[in-house]
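Cover the domains, the chain contact and the aromatic pairs.

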Amino acid sequence: MAKGKITPEFKIIRDMEKCVSCQVCHRVCSNDAHLYDPDAGEVTSEDSRCVGCHFCETLCPTGALTIRRNPSEIKLNALWSGRALEDITRQSSTGGVLLTGMGNDRPFPVYFDHLLLNASQVTNPSIDPLREPMELRTYLGGKPDRLEIKEGQKPEEVLKSFLSSQISLETPILFSAMSYGSISLNAVKSLAKAAREAGTLWNTGEGGLHPDLYPFGPHLVVQVASGRFGVHQEYLEAGAAIEIKIGQGAKPGIGGHLPGEKVTEQISRTRMIPEGTDALSPAPHHDIYSIEDLKQLIFALKEAVRYRKPVGVKIAAVHNVAPIASGIVRAGADFVVIDGLRGGTGAAPRVIRDHVGIPIELAISVVDQRLREEGQRNRASLIAAGGFRNSADVVKAVALGADAVYVGTAALVALGCHVCQKCYTGKCNWGIATQDPYLTKRLNPEIGARRLVNLLRAWSLEIKEMLGGMGINALESLRGNREQLRAVGLAETDMKILGVKPAGEAW
Amino acid sequence: MKKIFIREEYCMNCRLCEVHCIVQNSKTRNIIKAYKGEYPKPVSRVLVEEKGYLSFALQCRHCEDAPCLEACITGAMHRDPESGAVLADEEKCVGCWMCIMVCPFGVISRHGEGKRVISKCNLCQGEEIPVCVKNCPNEAIVFEEAS
């Protein structure tokens with residue numbers, strides 16, 4: 001029907017002087033946006049099918065292709081934007097919930113972009129990380145209230161305090177929970193290999209652990225989520241840590257849904273559900289309705305692994321995040337994961353992704369502050385997640401009080417993702433968010449792991465440079481050190497919540 | 001010797017190997033001129049075989065025990081003593097197509113219109129890495145020492 005027509009989001013510009021009709025674009029587009037006409041011997045394009053993933057543009061050997069946003073514009077209106085109209089048109093045609101993938105793309109303030117870092121000048125020396133040691137090693141897990149020591153020869157004799165299990169990370173950057181199912185096995189393998197090589201952790205999400213991936217267990221966080229998919233004794237034993245997932249930044253309060261088409265034979269085995277059936281994760285854990293219930297699960301899991309692995313809890317950053325995090329620590333969690341407003345997903349109702357939750361910067365700050373005030377900050381590590389774009393975001397998060405950060409979107413971008421937000425269609429041209437055998441093999445995990453290791457290495461080097469500039473030689477000394485941050489262009493209340501001074505104000 | 005190895009699990013059937021092979025074996029070695037200005041169009045010496053989602057790029061295997069060497073009546077087909085590659089001397093080739101008949105992989109083809117000689121992969125003599133390997137976006141073919 002004419003009323004339901006939606007203007008194509010992208011325009012495929014084909015420079016006919018450069019196009020040699022080699023058909024590479026035609027062969028690789030999973031959305032059939034490029035068509036080959038054998039009679040004319042020419043390749044043509046269908047703009048309405050293009051999702052803007054830029055795969056064809058990347059592979060085109062002559063540079064003949066450019067993908068542009070479609071310049072068709074409606075009358076300028078600050079309230080009734082093109083997107084608002086398009087959503088209504090779409091919904092009045094389908095009558096359904098609008099789905100999307102990846103993180104919030106609305107122009108909410110990014111507080112990281114309003115925070116600036118300090119550097120040493122004259123009165124305190126800066127450190128050159130290329131000449132002097134610089135410590136990024138991070139230990140996750142609860143720390144004792146104080147360290148008691150006694151006389152002795154060996155290190156294990158000297159320590160009197162009880163130390164709960166700790167995980168050592170070479171860099172404070174971990175890979176977010178992304179399940180096998182939401183992403184391809186090759187994408188999971190890339191993350192697993194990279195985590196092992198870089199000395200950090202990857203996370204199963206709620207996808208269970210594929211038999212091929214057990215060797216990567218020492219660098220793994222195994223997740224226990226509301227659907228309990230793939231959870232069994234060996235699974236819990238396989239990881240370095242266990243994470244109970246309560247919520248996720250992209251869709252706080254919403255469960256998960258892996259459509260049956262994606263539940264292949266391999267996924268059905270890994271998740272322990274019948275092949276081709278929908279994998280539905282309920283919105284809440286049906287056995288957790290209070291902090292006391294959560295405590296039972298935490299200790300059930302700790303018992304299951306005989307207290308040898310830290311158990312943490314992941315929640316979405318919501319209005320009440322600080323008291324909830326406080327309760328989680330009190331319930332015995334060894335680490336708390338806070339996933340902010342801009343956290344990603346493979347599929348979520350767009351209205352939820354775009355309008356629910358609070359920015360991660362504010363959440364880190366209030367949680368860190370609350371735990372300090374209660375004298376229990378040491379009892380759990382704080383991992384922040386949701387929209388970390390570069391090493392400066394990581395440093396700022398640590399200065400606000402995080403112990404480490406989870407990166408999901410950034411890791412996928414390293415694997416080729418162009419954030420087209422069509423993960424939920426299962427047609428990912430980059431071979432990431434798909435289970436289609438034609439597409440999954442496009443991601444070579446050797447290349448993927450190499451690129452992820454490069455990314456972690458580059459960010460770690462930059463973090464060292466920033467620390468050195470501040471005259472700090474260990475990441476530990478930056479943790480919660482908000483004096484190293486100054487705000488520009490923020491309101492008084494924002495600065496109060498972030499616990500930072502305005503730029504220009506001295507110590 | 002170094003040979004091209006196939007990793008079919010990563011081949012996405014984009015056929016960029018074929019495109020770059022055509023350019024490498026064109027007169028101008030310029031992709032736009034090779035496709036739009038050269039007649040006959042150069043022939044690719046690598047071919048992507050496909051069935052369902054399985055695909056892989058296949059070119060001359062440079063067999064240790066090469067039937068084409070035995071079959072060649074003029075001695076045009078020979079083994080390069082330095083690289084160990086099986087090469088065809090276009091000056092000696094008379095176009096009897098015996099090598100095409102005996103090749104177990106079907107990777108020898110006719111040169112295209114005009115010349116009555118054969119065309120096959122020469123591992124891009126003079127290049128450090130064959131162009132098909134160099135331009136494969138997913139490392140689905142690799143150039144490695146044969147063990």
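## Domains of chain A

Across the interface of domain 1 of chain A and domain 2 of chain A there are 2 salt bridges. A salt bridge here is a side-chain nitrogen of Lys or Arg within 4 Å of a carboxyl oxygen of Asp or Glu. D87(A) forms a salt bridge with R350(A), and their closest N and O atoms are 2.4 Å apart. This is a predicted model: local features need pLDDT of at least 70, side-chain atom pairs count only at pLDDT 80 or more, and totals for chains, interfaces and linings use all residues. Residues are numbered from 1 along each chain as its sequence is written, chains are lettered from A and ligands numbered from 1 in the order in which they are written, and side-chain values use heavy atoms, with hydrogens and water left out.

Domain 1 of chain A spans 10–96 and domain 2 spans 138–476; such bounds come from an automatic or database domain assignment. The C-alpha centres of these two domains of chain A lie 35 Å apart. In the contact, 13 residues of domain 1 of chain A meet 11 residues of domain 2 of chain A (contact means heavy atoms within 4.5 Å). About 1000 Å² is buried between domain 1 of chain A and domain 2 of chain A, with 52% from carbon and sulfur atoms. Buried area is the accessible area (1.4 Å probe) that two parts lose on being put together, summed over both. S30(A), C53(A) and F55(A) supply 46% of the area that domain 1 of chain A buries against domain 2 of chain A, more than any other three residues.

## Aromatic pairs

The whole structure holds 4 aromatic pairs over all chains. Rings of Phe, Tyr and Trp (its six-membered ring) pair if their centres lie within 6.5 Å; planes under 30 degrees apart count as stacked, over 60 as edge-to-face and the rest as tilted. F55(A) and W430(A) are edge-to-face, at 4.7 Å centre to centre and 85° between the planes. F55(A) is in helix α2 (residues 55–59) of chain A, and W430(A) is in the loop between α13 (409–414) and α14 (437–440), 375 residues apart. Helices (H or I, at least four residues) and strands (E, at least two) are DSSP runs, numbered from the N terminus. F55(A) and W430(A) are both buried. Buried means under 20% relative accessible area, exposed over 50%, partly exposed in between (1.4 Å probe, protein chains only).

Y438(A) and Y53(B) have ring centres 5.9 Å apart and planes at 80°, so this pair is also edge-to-face. Y438(A) lies in helix α14 of chain A and Y53(B) in the loop between β2 (47–51) and β3 (54–58) of chain B, so the pair joins two chains. Y438(A) is partly exposed at 42% relative accessible area. Y53(B) is partly exposed at 46%.

## Chain A against chain B

The chain contact takes 24 residues from chain A and 23 residues from chain B. Chain A and chain B bury about 1900 Å² between them, 59% of it on carbon and sulfur atoms. V20(A), R27(A) and K441(A) supply 31% of the area that chain A buries against chain B, more than any other three residues. This interface of chain A and chain B has 2 salt bridges. R450(A) forms a salt bridge with E139(B), with the closest N and O atoms 2.9 Å apart.

## Inside chain B

Chain B is assigned domain 1 (1–59 + 125–147) and domain 2 (64–120). Between domain 1 of chain B and domain 2 of chain B there are 0 salt bridges. Helix α1 (residues 16–24) of chain B is mostly covered, with 9 of its 9 residues buried.
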